[in-house]
Amino acid sequence: MADRYSFSLTTFSPSGKLVQIEYALNAVNQGVTALGIKATNGIVLATEKKSSSPLADPSSLSKISLITPNIGMVYSGMGPDYRVLVDRARKVSHTNYKRIYNEYPPTRILVQDVAREVQEATQSGGVRPYGVSLLIAGWDEGILPEEEDTSKTSTDDGEQKKPSGKTGGILKGGPMLYQVDPSGSYFPWKATAIGKSATTAKTFLEKRYTEGLELEDAVHIALLTLKETIEGEMTGDTIEIGIVGPPADHLLGVEGVEGAKGPRFRKLTPQEIEDYLTNL
Amino acid sequence: MSSPFSINGGACVAMVGKDCVAIACDLRLGLQALTVSNNFPKVFQYGEHVFLGLTGLATDVATVSDLFRYKVNMYRLREERAIAPRTFANLVSSSLYERRFGPYFVSPVVAGLDPKTGEPFICGFDSIGCIDFAKDFIVSGTASDQLFGMCESLWEPNLPAEDLFETISQALLNAVDRDALSGWGAHVYIIEKDKVTKRLLKGRQD
Amino acid sequence: MEVLLGITGKDFTLIAASKAAMRGATVLKASDDKTRHLNKHTLMAFSGEAGDTVQFAEYIQANAQLYSMRNETDLSPSALANFVRGELASSLRSRKPYNVNLLLGGVDPITHKPSLYWLDYLASLASLPYAAHGYAQYYCLSILDKHHHPDITLHQGIKILNMCTDELKRRLPIDFKGMTVKAVTKDGIIDIEFDDDKVVKSA
């Protein structure tokens, strides 16, 4: 009976705006900055791990999450809302895909499923929009045959050579980076940032980003960008990094299984982050 | 005799060759011993290199082939790409298992080429979706016993497309001649990297 | 012992159905019409379990007419055949399936191509040049195999139909009270006068 009167809380203002969604975006824009950079051979997701008290245990806090073995996600905005979306994303990647096709969804499909969930919260009764923006990074296997590197002869004239012909997407395969907003809209990016200092970070990324970037350089740029916007000190415990890279077979848990491939998405350990920071 | 799998009759076979696969079916539709139609194909195409053969109860052959036309079209619209044979096989499996306690009375066969590697792919299923991955051949229908015998004796590894056509055609034609519920002509598909050939075999019309 | 027959020719589809309405060994009526007009150029004949037949046929008829009213255009015979198959197929897996066998004959309103669809209660669908349902299949299909040709005229079609009904009168143990005969042409559905009183002596 109660649902008979649960009207949508998100209603149009006379000027044609959905102010509830704008308020949700405001919540995002007060959130801790998160960024993502796409490289030719992978993607980096990075954010600051801010604790409100020196007594907090940073190792228990995690803002970058694995969704499928090849897809990871980070957020800016409200932590509890993000956790709900992580659960939903992990669930739909199985119910809508793996349990039907026996393979994990390509990045865009997962992004669309998450975006649908977010959109439904702007049109359903008795709910409020999600107060988060997401960055979703993943690697697609693709279905087109591997291309012969025809550009090899043309790169002999001193230009930088391309490490791979993969540019992402369902057909060719490769890295993909998406942003999902509280309205349910989503955008593919080469590099972007969300949260409090998104504008500053994006200006910085525009200057630093180059075509044909490699993953190692991307991690470097991610840390430099974070340094511009960060408030506290940068250590392995205050920075969180997730990468989509080559299959991490050491995370498989088994050895010698034919055809078994490790996850491409993994989070860097505090020690690995420290190593990058010392080289900064 | 009154098993739903053998009311209408029919036979289907798929084979692996060198960089190619073949799939073939008979054309009979019957009611017990009476032949109703001699133009009832049981092989359906779902993409450039993806084929599904369906034997069993004729109504379910039609229902299931239509269901996968819908599912594959939705897949193509959603993902903006054609479905790969292995992915399609898993879709067939999960769709059939969804009806675990009220199954479609069909024995599907999938044949195709992997779009990425060009590798041949064939597999068969029982009516509730258990997949039988095979390296050589898959048979199904009321002439499956006869087809097993024919395939075991005629098939050999790495047959080129022309020889594969001859092998699968002889296997099917001679198998259905020893089955009262199959025959009346055949469709044979030879699937190669950049060419799919469909041939209509007349066969014995009795 | 219900008889349904269908024959296509050059520019027509003939549909014939026995006139006897029976219950057990009793003939309740000798002027039953086991056909329904779905639209101007599509005709459906039905046999099967007593209540189911008319109920299902008129449900299909109503839906065909509703489509024509809503869209100011008729469904083609093939579209109707596939619609009927869908309804019958979902009925098959319901709590109480319809037990109806059908012949659906028509002439395409655009191409003027005649067509005939055979459907059984399992919702098996086949497009055929000639068809029958029930015991009539065993007697008539062989006659049709021998004498049918895709280019026959309506007159020739009726002649072959007479050969079929003669054989049925000769062989079937129960009188089926003659046939309702209708033909679908590009101009619509027409009733065909059929001599039901012709006496055929058994062999």
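Which side chain of chain C meets the side chain of B:D60 in a salt bridge? The partner is C:R93, with an N to O distance of 2.5 Å; like everything that follows, this value comes from a predicted model.

**Chain C against chain B**

The rule counts 1 salt bridge between chain C and chain B, and it also finds 5 residue pairs in polar contact across this interface, with both residues at pLDDT 80 or more. On the side of chain C that touches chain B, the elements giving two or more residues are helix 2 (77–92), strand 9 (125–127) and helix 3 (136–147) of chain C, and the residues of that side divide into 10 nonpolar, 2 polar and 3 charged.

**Chain B against chain A**

Across the interface of chain B and chain A the rule finds 2 salt bridges, one of which joins the side chains of A:R108 and B:E80 at 3.3 Å, N to O. Polar contacts are found here for 10 residue pairs, again with both residues at pLDDT 80 or more. Helix 1 (58–79) and helix 2 (85–97) of chain B are the elements that give two or more residues to the side of chain B touching chain A, and helix 2 of chain B provides the largest share, 4 residues. By class, the residues on this side of chain B are 5 nonpolar, 3 polar and 5 charged.

| Interface | Buried area | Share on carbon and sulfur atoms |
|---|---|---|
| Chain B and chain A | about 1400 Å² | 48% |
| Chain C and chain B | about 1200 Å² | 60% |

In residues, the contact of chain B with chain A involves 13 residues of chain B and 18 residues of chain A, while the contact of chain C with chain B takes 15 residues from chain C and 18 residues from chain B.

**A helix pair within chain B**

Helix 3 (residues 144–154) and helix 4 (residues 161–176) of chain B have axes that come within 9 Å and cross at roughly 145 degrees, and the crossing of helix 3 of chain B and helix 4 of chain B is right-handed. Among the residues making the contact are B:L147, B:M150 and B:L154 of helix 3 of chain B, together with B:A171, B:L172 and B:A175 of helix 4 of chain B. The contact as a whole has 7 nonpolar, 4 polar and no charged residues.

Note on methods: Residues numbered from 1 in each chain as written. Chains lettered and ligands numbered in written order. Predicted model: local features only at pLDDT ≥ 70, side-chain atom pairs only at ≥ 80, totals over all residues. Heavy atoms only, no water. Contact = heavy atoms within 4.5 Å. Buried area = accessible area lost by both parts, 1.4 Å probe. Salt bridge = Lys/Arg side-chain N within 4 Å of Asp/Glu carboxyl O. Polar contact = N/O pair within 3.5 Å; in protein donor to acceptor, adjacent residues only side chain to side chain. Nonpolar A, V, L, I, M, F, W, Y, C, P; charged D, E, K, R; others polar. Axes fitted to C-alpha atoms, helices over the stretch in contact; angles between N-to-C directions. Left-handed = near helix turned anticlockwise from the far one by under 90°.
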